[in-house]
Amino acid sequence: MMQRTLFRRGALLAQKAAVEVPLLPMSAPLQPRLDRAMSSVTIPPPECMLRPLEVPFRYLFGPGPSNVPPRVLAAGGRGIIGHMHPEMYEIMNDIKKGIQYAFQTQNNMTIAMSGSGHAAMECAVFNTVEPGESVLVAVNGIWGERVAEIAERMGANVHIMVKAPGGVFSNEEIEKALAKHKPVLFFLTHGESSAGLAHPVDGIGDLCRKHNTLFLVDAVASLGASPIFMDQQNIDILYTGSQKALNAPPGTAPISFNERACQKMFNRKTKPVSYLFDMAHLSNYWGNDGQPARLYHHTGPVLGFFSLRESLAIFAEKGLEESWRHHREVAGYLWKGLEDMGLKLFIQNKDLRLPSVTTIAIPEGYNWREMLQYIMKHHNMEMTGGLGPSTGMVMRLGLMGYNCQKTNADMALAALADALKNCKKSKA
């Protein structure tokens with residue numbers, strides 16, 4: 001009884017204390033901070049963000065990106081899932097197999113970078129080259145210039161072979177430079193879109209093996225339009241972008257490393273300068289390192305991977321040989337139409353022309369910028385000028401992937417003819 005009475009008395013005292021103890025006043029500095037956080041927004045919502053998104057339709061007949069087929073757009077519009085869900089891993093496995101087919105390789109270390117072709121470009125250099133090592137770069141357009149700068153920025157000892165835009169390096173010239181500079185890596189652009197050149201690749205991989213050099217090839221503008229065989233041509237590292245003949249939106253970049261490249265990049269003395277592009281992590285994220293679990297590295301572009309998977313499926317259904325043949329046929333049709341108009345093609349040798357991106361020598365007496373602006377304004381059509389070393393030398397007309405049709409070639413030819421008729425021509 002005594003114990004029960006004491007318990008009741010203690011409960012009543014506690015209840016009375018809870019009621020009677022006054023709340024402590026809020027500290028003076030805290031109250032203004034709360035007020036500011038809740039009511040002192042000084043920058044109003046921008047008017048542009050209160051309007052619906054508007055995106056014009058354009059014929060993308062430049063060097064890329066290209067128009068995307070409805071099937072790929074639909075794939076990219078599906079409901080999102082987690083980037084580490086089992087279903088996402090299955091889609092990534094499909095992408096890997098699709099890239100292996102497109103590259104004609106059995107390399108296990110095959111992935112798609114989260115980013116544009118530049119992401120794959122940097123990934124290749126950052127993982128296979130260490131500071132102070134020798135790198136040899138063939139420069140005959142903008143992409144060689146870019147790789148040389150990337151390698152220089154990360155501390156490599158960079159040597160360049162230079163030719164004018166559209167110039168071709170002979171195997172003899174390449175071997176001489178390999179013997180002289182003893183590089184760990186040699187870079188060559190297969191599809192030099194700034195000049196419209198498809199550079200020969202046969203035999204170069206053999207030379208690189210002879211001189212213990214990794215052979216890195218850029219096929220961003222050429223994959224799917226011009227034949228390339230990674231394994232047969234002894235290419236150690238090959239990469240491309242999603243937005244050209246592959247029919248997908250920009251934002252993913254397939255890349256593959258063979259065993260020679262893997263030996264170099266996984267036995268380095270220093271860590272790669274980029275964490276995001278470190279293949280030690282990316283190989284696990286893509287399930288290529290033999291580990292039982294894939295660990296978090298970064299959040300991949302899920303919808304971009306959906307689109308890439310669908311574009312690779314279209315590629316597989318059509319077949320590589322048919323894609324190469326079709327691009328060559330449409331390009332030949334376009335080339336004849338341009339020459340019939342009196343225009344000159346920048347790459348004179350047909351066998352060296354890039355089927356996906358045609359370069360036209362600027363017509364004498366015309367302002368190329370004025371012509372391209374006229375075509376955009378009156379035909380809603382994108383063509384572009386040169387890029388890097390080819391600026392002021394060419395206009396570029398790209399028909400690739402979904403856009404690679406003779407009807408589109410006819411539209412482009414009509415637009416050019418209209419521009420030649422209506423743009424001012426200088427008397428000089």
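The model is predicted: local features need pLDDT of at least 70, side-chain atom pairs count only at pLDDT 80 or more, and totals for chains, interfaces and linings use all residues. Residues are numbered from 1 along each chain as its sequence is written, and side-chain values use heavy atoms, with hydrogens and water left out.

Start at strand E3, residues 134-139. Strands here are DSSP runs (E, at least two residues), helices are runs of H or I with at least four, and both are numbered from the N terminus. Six of the six residues of E3 are buried, so the strand is largely enclosed by the rest of the structure. Buried means under 20% relative accessible area; exposed means over 50%, and partly exposed lies in between (1.4 Å probe, protein chains only). Ser-134, Leu-136 and Ala-138 point one way from E3. Val-135, Val-137 and Val-139 point the other way.

Now look at the partners of E3. Strands of a sheet pair through backbone hydrogen bonds, either parallel or antiparallel. Two strands count as paired if DSSP finds at least two bridges between them. E3 pairs with strand E4 (residues 157-162) in the parallel sense, over six bridges. To get from E3 to E4, the chain passes through helix H6 (residues 142-153). This β-α-β crossover is right-handed: with the strands pointing away from the viewer, the path from the first strand over the helix to the second runs clockwise. Two bridges can be picked out. Ser-134 has Asn-157 of E4 as its bridge partner, and Ala-138 has Met-161. E3 also pairs with strand E5 (residues 185-189), again in the parallel sense, over three bridges. There, Leu-136 stands opposite Phe-186.

Follow Phe-186 into the core. In soluble globular proteins, nonpolar side chains tend to be buried together. A nonpolar core is a set of buried Ala, Val, Leu, Ile, Met, Phe, Trp, Tyr and Cys residues joined through side-chain atoms within 4.5 Å. The largest such core has 80 residues, and Met-113, Phe-186, Ile-255 and Phe-257 touch the most other members. Helix H4 (residues 86-103) gives the most to this core, with eight residues. A second, separate core has 30 residues, including Trp-368 and Ala-415. Leaving aside neighbours within four places in sequence, the contacts of Phe-186 include Leu-136, Ala-138 and Met-161. Contact means heavy atoms within 4.5 Å.

Next comes Ser-256, in strand E10 (residues 252-257). Ser-256 is buried, with a relative accessible area of 0%. Its side chain makes polar contacts with the side chains of Asn-107 (3.1 Å) and Thr-110 (2.8 Å). A polar contact is a pair of N or O atoms within 3.5 Å; within protein, one must be able to donate a hydrogen and the other to accept it, and residues adjacent in sequence count only if both atoms are side-chain atoms.

Finally, turn to an open sheet of three strands, in the order E11-E14-E13, with antiparallel pairing. Strands E11 (357-361) and E13 (384-385) stand at the edges, each with a single partner strand, so one side of each is left without a neighbour in the sheet. E11 and E14 pair over five bridges. Arg-396 is found in E14 (residues 394-398), and Thr-359 stands opposite Arg-396. Arg-396 is buried, with a relative accessible area of 6%. A polar atom of its side chain lies 3.1 Å from the backbone oxygen of Ser-193. An unreviewed UniProt entry places the feature "binding site" at Arg-396. UniProt positions are given in the numbering used here, feature names are shortened, and annotations may be inferred rather than shown by experiment.
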